[in-house]
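Please consider the following notes while viewing the chain beside the text. They are arranged as numbered points, each on one topic.

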Amino acid sequence: MKLAPQSIPYRAFQRVVGIVILLFFLASANDWGLLIGGAVAAAVLLVSVGYEVAYYRRFEYELTDDTLDISSGVISRREREIPYRRIQNVDVSRSVIQRAIGVAAVDLETAGGSSTEGSIRFVTPEEATRLQREVQRRKSDASPATGTDENGDPVGPTEEDLFAISPRELALVGALSFDGRLIGLLAFLGSGSFPVLSGFLPDTSAAVLTAFAIVAVGVLFLVSWVIGAGLAFSNYYGFRLSRAGNELRYERGLFRRYSGSIPTEKVQTLTISDNPAKRALGYASLSIETAGYAPGQGGDYGSQAAVPIASTDRVYELAREVESFGEPSFSRPPKRIRWRYVFRYAMMVGVLAAIAFAVDWYVVPDVPWVAPLGLLLVVPVAAHLKWKHRGYWLAEDHLLTRNGFWSREVKAVPYYRIQNVIDSRTIFQRRWNVATIVADTAGTGSLVGSDAAAIDFDIDEAIELRDELRTRLQDALSERRARRTAFEWFEGDVGERPVDDRDDEDGSAADDDSPAPAAADDSPAPAADDDSVAGVDDSVTDADEGIDPPEDGVVRPDFSTSTRDYSEPAERVDTGEYAVDRFPSDADVAHRPEVDENDGDSAEDDESETYKREGPSGNEDDEGTDPSENGREDDER
């Protein structure tokens, strides 16, 4: 498939617009004349158009069964094959000019990538939408095609609208937005390193200068607020969130229109944020942190705004659409920790007073350096509010944390998404006998320290929370592995399996996720004599009956009679989601009866003949292997 033909002049203009402007200024400065400058600009534009024609002819992309293949390059060729299952986002963007000429840009992001993995610039809007939907459909087995379009191409699942921003909410987004970049720029220009503004200051008394400074600061904040409101309005204009299968899809933007997806299986953390103004009006925002790069998100690396602003109840309702958690009831840090915040804020006030005193002593006399000490009156209130808005809550399947007053964030992390549980204690925390527990995830927000954290809790409670999180993490992972579909080796196609091997006594297909029915006395159901139970070895005989199963309740197959040569690497089979070892390891052997002491010698002889490798402390070939990985593979089987 090819690019849109109208992309040739657009790309050529994009490539030379900077050069044309530079030539115009050079011609004006050197008296070359507009005729010579125009001739040079036309030549450059002609060369650019020729290059873009060659680029258009040599650029191709194709949707294969497993990958999206992109071939590009004029002088040096580049061939890329991007597997569907690795693609995280397919984002379509259209600026005002692109909408006018009828083209769109398609960007493909992969999990863990720090930049765009593949770009298709530019195609028609219809082709961009088709490409986005088709890639999303093919990368997810859980979203099969539900029909065909007018061209006979398969279409994905039906979209369900979740949220659409209203004019009132859009106005609130703008009113509650503030862009401080102008303040930072003017602060830099007004510093001694770049003395530009000093020439605009009037030569008058200190009182007039003070009044002028107050007015200038007010105007500066007003202009910054107007800029922030305008950017927020244009960024979230027409915001719409919908669900399609296992993906959340969004559209937004006024001058530059964005549309993309948020895969629910890539969600790491949900963040519900607000500030005093939003809390007073009853509003909040929802953002979703994923494991990969998120383009066009206003600088929030890996964090995508699912709901820019809505009522707090509505935000929590939408958050539970993504991750189901109950009504949180947070546990706060100990009350004595408020004195720690009092001391911290008092030290900050002291530093401000010291800076003001230094300015009064060395730079400008008569500066009211004592004024910052008046902030000591609000220090106890600030310390109490900081303590009040901190806490954590252990839900059934999620960890929720809350931190911040001016910018409060409630983070919800599924237990199975936790990568590491960190117990950190600074030198000051150790003096107060408190610690911080951090639930580290694979989200890119962890790069800037925005992981879910329970801050300033007693050492004993922090240790208990750390151990509980690790236990729940292991339980959640075990539960998810148990829910996976069982994997079975057999000869022939699926349709050739005997009915007895696939169906139950009633002729209905068995449910892989449902447990085996138990007997009346709650004892485990006995295994069938035939091979209807996949993977159960024939070595499990009637003599094994009455043996208590392991603590996890799972009786695993006995692979001790395997004739595999463990000096050779295992054959790995890619099922699309995870690799399966065709010859399972005997590191995590099945549950079987204990061998009598009298039969110990014979058991050792059997093991010496069966296993062709030594234990963990034996053969060097076993170094670097992790028995837990093999155990997980056995569970997946």
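1. A residue is called buried when its relative accessible area is under 20%, exposed when the value is over 50%, and partly exposed in between, using a 1.4 Å probe and protein chains only. The model is predicted, so that local features are reported only at pLDDT of at least 70 and side-chain atom pairs only at pLDDT 80 or more, whereas totals for chains, interfaces and linings use all residues. Residues are numbered from 1 along each chain as its sequence is written, and side-chain values use heavy atoms, with hydrogens and water left out.

2. Is D456 buried or exposed? D456 is buried, since its relative accessible area is 1%. This residue lies in strand 21 (residues 452-458). Helices (H or I, at least four residues) and strands (E, at least two) are DSSP runs, numbered from the N terminus. The phi angle of D456 is near 65°, a positive value in a residue other than glycine.

3. N433 also has a positive phi without being a glycine, at about 60°. Its place is the loop between helix 12 (427-432) and strand 20 (434-441). With 45% relative accessibility, N433 counts as partly exposed.

4. Strand 17 (residues 398-403) deserves attention. Six of its six residues are buried, and the strand is described as mostly covered. Which residues point which way from strand 17? H398, L400 and R402 point one way, while L399, T401 and N403 point the other way, and all are buried.

5. The neighbours of strand 17 come next. Two strands pair if DSSP finds at least two bridges between them. Strand 16 (residues 391-394) pairs with strand 17 in the antiparallel sense over four bridges, and L394 stands opposite L399 of strand 17. A hairpin with three residues connects strand 16 to strand 17.

6. Strand 17 also pairs with strand 18 (residues 408-414), in the antiparallel sense and over six bridges. Within strand 18, K411 is the bridge partner of T401. Four residues separate strand 17 and strand 18 in their hairpin, and G404 in the turn has a positive phi of about 100°.

7. Strand 2 (residues 67-72) and strand 3 (residues 78-83) run antiparallel and are joined by six bridges. The bridge partner of S71 in strand 3 is E79. Five residues lie between these strands, and G73 in the hairpin takes a positive phi near 110°.

8. Where is the cis peptide bond that involves F122? The bond runs from R121 to F122, with omega near 10°. F122 belongs to strand 6 (residues 118-123).

9. Helix 13 (residues 459-483) has 25 residues and reaches 36 Å from its first C-alpha to its last, close to the 36 Å expected at 1.5 Å a residue. The expected span is 1.5 Å times one less than the number of residues in the helix. Its buried residues include I459, A462, L465, R466, L469, L473, A476 and R481. An α-helix has 3.6 residues a turn, so residues three or four places apart point the same way.

10. A232 is found in helix 7 (residues 206-236) and counts as buried at 8% relative accessibility. Leaving aside residues up to four places away in sequence, A232 touches V173, G174 and S177, where contact means heavy atoms within 4.5 Å. A232 and A175 are 57 residues apart in sequence and 8.9 Å apart in space, C-alpha to C-alpha.
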